[in-house]
Amino acid sequence: MAASLNKAPNYRQDRLRQLRAFCFTAEAGSISRAAERLDVTQPSVSLQVQALERDLGITLFERRGPRIRLTPDGEALYAEAHKLVESIDGLAGRFAEGNRPLDSGRLDIGAGESSTLYLLPPTLERFMDQHPNVQVRLHHLSVGELMDALRQDQVDFAVGAILDMPDELRYRAIYSYGLSLITPPDHPLARRDVITMRDLAGQDYIIPPKNMTTWRLINLVFQQHAVRYRVRLEVGSWEAVKRYVGLGFGIAIVSNVCLAEDYPGIVVRSLPEVFPKRTYGAMSRHGRFLSPQARRFLEMMRPDFFEPETDSASHRRARGETPGFIAADGVDAV
């Protein structure tokens, strides 16, 4: 009995290290990347995970090539353990931030082009008016740069649209926007009330950089419907796309997020329903403690941001639907 009592504190300490190593590995999908986040060696992480597997009598990961994936037992344990690890790791930050006034400190936000230009300005204006002493830094980053900035805690959170969400990051959608076709006023499609997939084939398109999320989605729809098209011009931003469409270089498909204001020289037409809505939301690293400033900003963007999602909302999101988000026309998107 005495021996077991003496071991209890070490056991609890070891179990926390084991769970932390397991959760970080599950989120990163890699022993090496988990070791980088924990600032320990790869063998140390491997030993912690192996010890946890021995203690519980289960297998937590299966290897598929260079990556590892959770087994069903691993998924069940992660669902139980990651909130515990995040809560314990965030204790010091919660107490430190709890004693710091909201109207001070710094807020670092990462954002892609669409979010920087069209989504964030109204919320930024409200936040900065209400909290003038908070130093806000807006980092305009590409998708890859956003992921790196989140992993390295260079930003509190990021706002943008992404198709492939890494396991170590969490995402909550805030806005939903459809896609539209834009043409010069004298283009034949500008006079069409209804645009079909056949109409879109064989046209000259102006596109943003091909690694942008919205264009990847558009290209995927074209591939699924065997629509052939020509890239007449590739330019660096949505504003440049609209400008060159207006100059008559070609047509383009753009997210309605960049059509909030009238733009001279272009005609906007609705697209077939096969083009899905794009969601824009906030991303943060699992285990990242959000400061009161960050939480306040996110609540300004979406008042129920930190409320648990209902089962029906989770199921709709799993099917790719976006319930209850703010759409381009100001009504709820379904």
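Trainee: Where is alanine 226 found?
Mentor: Alanine 226 sits in the loop between helix 9 and strand 9 (230–234). Helices (H or I, at least four residues) and strands (E, at least two) are DSSP runs, numbered from the N terminus. This is a predicted model, where local features need pLDDT of at least 70, side-chain atom pairs count only at pLDDT 80 or more, and totals for chains, interfaces and linings use all residues. Residues are numbered from 1 along each chain as its sequence is written, and side-chain values use heavy atoms, with hydrogens and water left out.

Trainee: What is phi of alanine 226?
Mentor: Near 55°, a positive value in a residue other than glycine.

Trainee: Is alanine 226 buried or exposed?
Mentor: Alanine 226 counts as exposed because its relative accessibility is 69%. Buried means under 20% relative accessible area, exposed over 50%, and partly exposed in between (1.4 Å probe, protein chains only).

Trainee: Which phi does aspartate 39 have?
Mentor: A positive one, about 60°, although aspartate 39 is not a glycine. Aspartate 39 lies in the loop between helix 2 (31–38) and helix 3 (42–56). Its relative accessible area is 71%, so aspartate 39 is exposed.

Trainee: Stepping back, how many helices and strands in the protein?
Mentor: The protein has 12 helices and 14 strands. Buried residues make up 45% of its 334 residues. Contact means heavy atoms within 4.5 Å. Of the contacts with a separation of 6 or more, 75% are between residues 24 or more positions apart.

Trainee: Now the core. How many residues in the largest nonpolar core?
Mentor: The largest nonpolar core has 24 residues. By nonpolar core I mean a set of buried Ala, Val, Leu, Ile, Met, Phe, Trp, Tyr and Cys residues joined through side-chain atoms within 4.5 Å. Leu107, Leu120, Phe157, Phe297 and Met301 have the most contacts inside this core.

Trainee: Which elements supply at least two residues each?
Mentor: Strand 3 (106–111), helix 6 (113–130), strand 5 (157–160), strand 6 (169–177), strand 12 (278–285) and helix 11 (292–301). Helix 11 gives the most, with five residues.

Trainee: What does leucine 107 touch?
Mentor: Leaving out residues up to four places away in sequence, its partners include Phe127, Val136, Phe157, Ala294 and Phe297. There is also a second, separate core of 19 residues, with Phe24, Ile31, Ala35 and Ile68 among them.

Trainee: What about serine 115?
Mentor: Serine 115 is in helix 6. Serine 115 is buried because its relative accessible area is 1%. Beyond four places in sequence, serine 115 touches Leu120, Pro121, Val159, Gly160 and Tyr280.

Trainee: On to valine 143. Which helix is the place of valine 143?
Mentor: Helix 7. Valine 143 has a relative accessible area of 32%, so it is partly exposed. Apart from neighbours within four places in sequence, valine 143 is in contact with Ile162 and Thr213. Valine 143 and threonine 213 are 70 residues apart in sequence, and 8.2 Å apart in space, C-alpha to C-alpha.

Trainee: Last one: how many disulfides?
Mentor: The count comes to zero disulfides, a disulfide being a pair of cysteine sulfur atoms within 2.5 Å. Cysteine 23 is buried, with a relative accessible area of 1%. Cysteine 258 is buried too, at 2%.
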